[in-house]
Amino acid sequence: MTSRYRVEYALKSHRRDEFIEWIKGLLAAPFVLHAGPSTLIRAGDESRNQAEARRRYAEIFFDVERLVEQQIYLQGLGDESQGRLKHLVPSIGRFFTKLPLERAFYVQDEKRSISARRLVSPSFNDIRLILNTAQTMSLVGGREPLKLVTFDGDVTLYEDGMSLTPENPIVERLLFLLQNNIYVGIVTAAGYSEISGEKYEVRLKGLIDAVNDSEILTQTQKESLLVMGGESNFLFRFDSSTGHLKWIDPQEWTLPEIAHWSEEDIQEVLNIGQAVLENEKNKLNLPATILRKERGVGIIPLPGKKICRESLEEIVLTAQRKLETSAVGKKIHFCAFNGGADVWVDIGDKRLGVLSLQKYLNDINGFQTLHVGDQFASVGANDFKARLAACTVWIASPAETVDIIDELLAYLIEANMYSRVRKVSVIGDV
């Protein structure tokens with residue numbers, strides 16, 4: 001049963017995606033006019049109504065597809081502010097690839113029967129999954145091959161607070177990406193600064209063991225597994241000679257915009273964040289403790305206790321506002337986010353994490369990179385800024401991660417088969 005609380009919470013501006021909400025609004029008219037129930041339906045009308053709704057939905061996605069193409073064209077000219085889509089959705093970000101939304105709609109309509117529904121209009125999740133499918137389609141057969149896929153950890157690869165175990169179905173998919181010469185990066189908020197990388201190996205044990213034991217992967221493919229920890233602070237790479245993660249010197253991957261940050265300013269950001277967390281803990285009377293790390297500070301519940309969602313959101317929004325209005329917050333990039341059970345203020349963000357991986361791996365471009373994550377709300381979500389560095393897909397569970405990687409692999413296999421057939425055809429013609 002949907003409670004009033006859940007409805008009101010979903011309407012909070014910081015929990016909405018304006019692009020998805022705008023598309024929902026566009027789809028409302030054909031739903032009302034062509035999909036809605038009628039007490040006067042005659043034999044055959046049901047199938048005609050479904051066909052008409054499907055056609056109208058597809059037309060809308062085709063029109064949005066064209067607006068995205070125009071926005072990309074204007075981005076190339078450095079004049080994206082003049083785009084029609086930018087005017088309609090002011091918060092719209094950067095697009096790295098075209099989005100075949102009409103084709104993606106047909107794929108998801110077959111799976112979710114969107115056009116067959118009479119009482120439930122196209123939802124946020126319907127549109128989110130259509131956008132995900134369109135993004136994976138666009139990464140296959142484009143101007144440059146897909147080279148890097150990055151993943152969040154909690155709720156993306158494994159359940160919140162858990163670890164990547166050998167039986168997790170995503171392990172097999174990650175190995176297949178590596179086998180196809182695609183770099184796999186884990187970009188996680190977990191900030192373990194130990195040079196040994198042991199704590200990351202514990203969290204990712206199923207994957208580390210599978211890569212180490214694989215007889216199919218080459219040495220180069222095994223060493224295409226990387227871990228970026230603490231948003232953008234600690235980089236590790238799998239070392240095939242030892243079977244463990246190897247710490248990478250920051251001088252090899254640190255971005256110029258980060259290199260000039262002073263340690264004094266970094267600690268000042270953490271001091272402000274810690275002061276906010278301590279104040280909110282006392283004000284809200286929370287059963288929690290404050291944990292300070294090298295590049296982050298967080299508030300976590302005491303054993304057996306829980307911090308309610310409203311309090312977590314209050315803390316995130318307070319920390320965000322306090323740091324944004326501070327002098328040092330304008331100099332140092334930071335990320336304040338709700339981890340589901342806790343709140344953290346980290347130095348850096350996932351935009352910088354993904355960009356650092358791209359730089360380290362010989363300047364991979366944003367349109368050659370896909371980031372998979374579960375937190376893309378505009379405030380309090382640490383995957384959001386990755387949209388500025390790469391193509392992204394928004395998932396809601398580890399099971400959806402499996403599904404979207406299966407989609408991607410299917411399109412890669414299809415594209416490769418088509419390429420081989422085409423090549424044979426050309427040779428035969430000659």
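Guide: Let us begin with a term: two strands are said to pair if DSSP finds at least two bridges between them. Helices (H or I, at least four residues) and strands (E, at least two) are DSSP runs, numbered from the N terminus. This is a predicted model, in which local features need pLDDT of at least 70 and side-chain atom pairs count only at pLDDT 80 or more, while totals for chains, interfaces and linings use all residues. Residues are numbered from 1 along each chain as its sequence is written, and side-chain values use heavy atoms, with hydrogens and water left out.

Visitor: Which residue of β9 is the bridge partner of V297?
Guide: Strand β7 covers residues 296-301 and strand β9 covers residues 343-347, and four bridges join the two, which run antiparallel. Within β9, the bridge partner of V297 is V345.

Visitor: In what order do the four strands of the open sheet lie?
Guide: The pairing in this open sheet is antiparallel, and the order of its four strands is β6-β7-β9-β8. Its edge strands, each pairing on one side only, are β6 (288-292) and β8 (334-338). From one strand to the next, the twist averages 15 degrees.

Visitor: At about what angle to β8 does helix α13 run?
Guide: Axes here are lines fitted to C-alpha atoms, for helices over the stretch in contact (heavy atoms within 4.5 Å), and angles run from 0 to 180 degrees between N-to-C directions. Helix α12 (residues 263-283) lies across β6, β7, β8 and β9, running at about 175 degrees to β6. Helix α13 (residues 309-324) lies across β7, β8 and β9, and its angle to β8 is about 165 degrees.

Visitor: How many residues of strand β3 are buried?
Guide: Buried means under 20% relative accessible area, exposed over 50%, and partly exposed in between (1.4 Å probe, protein chains only). L225, V227 and G229 point one way from β3, L226 and M228 point the other way, and all are buried. Strand β3 (residues 225-229) is therefore largely enclosed by the rest of the structure, and its count of buried residues is five of five.

Visitor: In the hairpin of β3 and β4, which residue takes a positive phi?
Guide: Strand β4 spans residues 234-239, and four bridges join β3 to it, the two running antiparallel. At this pairing G229 stands opposite F234 in β4. The hairpin has four residues between the strands, and the residue with a positive phi, near 60 degrees, is G230.

Visitor: In β3, what is the bridge partner of G185?
Guide: Strand β2 (residues 183-187) runs parallel to β3, and four bridges join them. The partner of G185 in β3 is L226.

Visitor: Which residue of β11 stands opposite G373?
Guide: β10 pairs in the parallel sense with strand β1 (residues 148-151) over four bridges, and there V372 is the bridge partner of F151. β10 also pairs in the parallel sense with strand β11 (residues 391-394) over four bridges. The residue of β11 opposite G373 is W394.

Visitor: What share of the protein chain counts as buried?
Guide: The secondary structure of the protein chain comes to 15 helices and eleven strands. Of its 430 residues, the share that counts as buried is 49%.
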